[in-house]
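Let's take a walk through this structure together, starting with a pocket and then moving on to the aromatic rings. Have the 3D view open as you read.

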Amino acid sequence: MKLDDPKLYTNREISWLRFNERVLEEARDPRNPLLERVKFLAIVANNLDEFFEIRVAGLLQQMEAGVPDAGPDGLLPEELYEAVSIEAHRMVGEQYACWNDELLPALKKADVHIRSLQELNAAEQEFIRDYWLDELHPVLTPLTVNPAHPFPRVVNKSLCLAVSLRDSEGDTLFGVVTVPRVLPRLIRLPREDEGRRVDYVFLADLVRAHIPELYRGYEILGTAAFRITRNSDLYLDEEEADDLLLAIEDELKRRRKGDTVRLEIDAAAPKQIERRLRAIYHLREKQVYRVNGPVNLNRLMMLYAATRRPDLKDAPYHPAEYPFAEDLDQLFAEIRQRDILLHHPYDSFYPVVQFIQSAARDPDVLAIKQTLYRTTEDSPIMDALLKAAEAGKEVTVIVELKARFDEASNIRWARQLQDAGVYVAYGVVGLKTHCKLSMLVRRESDGLRRYAHIGTGNYNASTARIYTDLGLMTAREDITSDVAEVFNLLTTQSERPEVRKLLVAPFNMMDAILAKIDREIEHARAGRSARIVCKMNSLQDARVVRALYKASRNGVDVDLIVRGICCIRPGIPGISDRIRVRSIVGRYLEHSRIYMFENGSKPEIYTGSADWMPRNLRRRVEILCPVEDPVLIRKIQSWILSPCLADNIKAREVLPDGDHRRVEATNGRTAISSQEILMGLARGEQFEIPDFFAANGPDPPSG
């Protein structure tokens with residue numbers, strides 16, 4: 001079989017839906033605390049929103065444009081849309097079965113109650129009436145559609161109620177009420193005692209109950225909650241944009257008015273309401289999702305956040321604090337002495353913040369350079385950069401304005417940084433800046449020295465508590481000079497960086513990865529140790545997939561830990577017998593990228609921002625950095641990769657057909673959850689876990 005045969009590739013969109021199915025499995029797993037299961041269900045719904053806003057929207061555009069191209073899997077846009085629709089409808093059905101049949105009864109049993117208005121007692125009814133009069137009614141705007149009032153431009157993903165009306169003359173009319181986004185979707189009912197019991201009602205139920213008051217003089221024929229999802233991708237010709245900041249602001253405004261790609265509606269909605277909405281939004285049958293429960297399950301995240309029941313959540317975890325010196329000279333001396341590897345959220349993110357804050361207040365630091373992809377509104381790192389600029393330091397920030405769904409936040413930060421005197425650049429035309437870099441230049445007794453932080457995740461203290469990421473701090477000249485070269489690329493638009501150690505996409509990374517895979521093949525042919533172990537978010541690039549198939553055919557063992565999209569098909573006889581793929585979905589979002597090549601028992605390990613996706617390797621500025629300290633190499637092998645490869649609780653094995661099955665602890669094997677192990681290791685606990693790399697060097701570090 002040729003290695004470009006479509007049968008050897010799982011479609012990207014189908015693979016992503018199967019990843020989201022793994023997240024849904026966590027919502028259905030009774031071993032997880034109950035409110036954590038509710039959170040997982042909300043994450044599934046939010047993931048689907050983004051999937052429709054971007055991926056399904058793109059498919060529909062391809063179909064409308066008559067794009068005949070098929071991907072490596074051979075599916076044409078029409079065929080893929082059909083397959084995606086079937087999978088998505090099935091998943092939505094399973095979501096609501098999980099909510100109605102599993103989570104709601106379990107919540108009730110745990111004394112967390114979602115109440116209907118009809119079952120409230122007199123005191124609760126009075127509270128709800130007051131809430132209606134004081135909080136809700138003043139911000140509602142009921143509309144009746146007629147020649148003077150056209151159908152409103154409903155905002156993307158806003159929850160609405162459609163109303164079928166009959167006036168005094170017998171004419172049938174249509175009304176729309178948008179449920180206010182400024183109010184919580186769940187209203188907590190007051191209780192005299194502050195015990196375990198918690199009671200909520202849905203805001204949408206309160207709006208629905210008062211529809212007659214909003215449409216006085218009309219006969220209410222029927223109501224239905226609905227929600228539309230719009231195409232939310234950005235369409236921008238950067239070379240034609242004189243001011244990228246203003247151009248993206250304009251495009252964001254247009255995004256709110258994108259074409260509708262999905263309609264979610266009450267399963268019990270009157271047919272005339274559904275038909276009217278389909279006609280208004282020009283939707284085909286496959287674009288309608290009838291739901292048996294609250295429209296917009298991602299709002300259940302509020303139930304998780306607002307319910308103070310620690311017995312129904314994961315036990316709090318406090319990251320290990322790296323013992324950085326507060327003295328500035330000592331802090332930088334530690335980084336000069338040896339590279340420092342941080343593994344979040346098991347290790348605290350504070351050292352990264354401290355690294356930049358120290359640079360801001362250290363009079364010997366002359367310049368700071370920073371990339372910004374996603375961050376928080378109250379970012380301590382951004383605050384430190386502003387203070388550094390105000391103190392007269394040279395501060396440069398590369399802001400990625402096209403970071404999907406974070407564009408508006410990044411625009412605000414760009415303006416604030418510019419106002420403080422920061423030099424703000426937007427990277428290379430036509431390429432997203434996705435690399436995670438921070439660099440400072442410091443005057444020391446022997447001259448100027450650079451220090452760098454290279455990460456796999458964003459400079460975001462909030463996500464650093466829930467995403468697994470690596471960060472390498474180094475003062476090595478061969479690495480930091482390469483980092484400086486990348487920053488020059490981003491600010492000067494030079495053709496390509498001159499680097500010695502870093503792999504930089506879209507310049508030398510793809511060729512280097514393929515060369516390293518070929519080198520493993522040569523080792524295997526020569527009878528030397530040959531193995532590839534990689535951990536990433538997604539694997540899609542067809543050239544890399546073909547190279548891994550070739551490696552498997554030539555005797556190279558390949559272990560892949562891929563959280564999300566995975567287009568390679570493992571375990572196919574004669575093609576991928578030696579390829580094993582697993583996916584871990586647990587308490588934390590697996591986000592770190594690690595690439596290990598055995599190299600004849602002289603392992604090379606790279607970590608950084610890039611997945612093996614076409615966009616990462618071809619359309620983004622990405623970094624992979626070598627980890628060369630033998631102690632850190634063994635730490636990555638024994639304390640990160642080995643637990644992930646041994647996981648038999650949260651791991652799923654990807655099957656040859658692209659589906660998956662949960663890895664079980666069979667034959668008396670010890671049950672291992674990699675994330676639980678990693679939390680324990682960070683606390684200094686000892687565990688007996690298989691070391692899959694014991695032949696590669698000394699025992700892993702003890703701390």
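Which element gives the largest share of the lining of the second largest pocket? Keep in mind that you're looking at a predicted model. The answer is α5, with 5 residues in that lining.

Let's stay with this pocket for a moment. The second largest pocket holds about 560 Å³ of space. It's lined by 28 residues, and the ones closest to its centre are Phe202, Asp205, Arg208, Gly293 and Pro294. If you'd like to trace the elements around it, look for α3 (77-109) and α5 (203-209), the ones that give two or more residues to the lining. As for the kinds of residues you'll meet there, the lining of the second largest pocket has 16 nonpolar residues, along with 6 polar and 6 charged ones.

Now for the rings. There are 12 aromatic pairs in the structure. Take Phe127 and Tyr131: their ring centres are 6.4 Å apart and their planes meet at 40 degrees, so this pair counts as tilted. To find the two, go to helix α4 (residues 122-136), where Phe127 and Tyr131 sit 4 residues apart, about one turn of the helix. How covered are they? Phe127 is partly exposed, because its relative accessibility is 26%, while Tyr131, at 13%, is buried.

Next, have a look at Tyr346 and Tyr588. This pair is edge-to-face, with 5.7 Å from centre to centre and 85 degrees between the planes. Here the partners come from distant parts of the chain, 242 residues apart. Tyr346 is in the loop between β10 (340-344) and α11 (350-361), and Tyr588 is in the loop between β21 (579-584) and β22 (589-590). With a relative accessibility of 2%, Tyr346 counts as buried, and Tyr588 is buried too, at 5%.

Rings can also gather in groups. Trp16, Phe19, Phe51, Phe52 and Tyr289 make up one aromatic cluster. While you're looking at Phe52, notice Arg262: its charged end sits over the Phe52 ring, 4.5 Å from the ring centre. For another charge over a ring, turn to Tyr304, where Lys313 lies over the face at 4.5 Å from the ring centre.

Definitions and conventions. Residues are numbered from 1 along each chain as its sequence is written. This is a predicted model: local features need pLDDT of at least 70, side-chain atom pairs count only at pLDDT 80 or more; totals for chains, interfaces and linings use all residues. Side-chain values use heavy atoms; hydrogens and water are left out. Rings of Phe, Tyr and Trp (its six-membered ring) pair if their centres lie within 6.5 Å; planes under 30 degrees apart count as stacked, over 60 as edge-to-face and the rest as tilted. Buried means under 20% relative accessible area, exposed over 50%, partly exposed in between (1.4 Å probe, protein chains only). A charge sits over a ring if NZ of Lys or CZ of Arg is within 6 Å of the ring centre and within 35 degrees of the ring normal. On a 1 Å grid over the protein atoms alone, a cavity is a set of points where a 1.4 Å probe fits but cannot get out, and a pocket is an open set with protein on both sides within 12 Å along at least five of seven lines; lining residues have an atom within 4 Å of a point. Grid points are joined across faces, edges and corners, and a volume is the space filled by probe spheres set on the points. Ala, Val, Leu, Ile, Met, Phe, Trp, Tyr, Cys and Pro count as nonpolar, Asp, Glu, Lys and Arg as charged, and the others, Gly among them, as polar.
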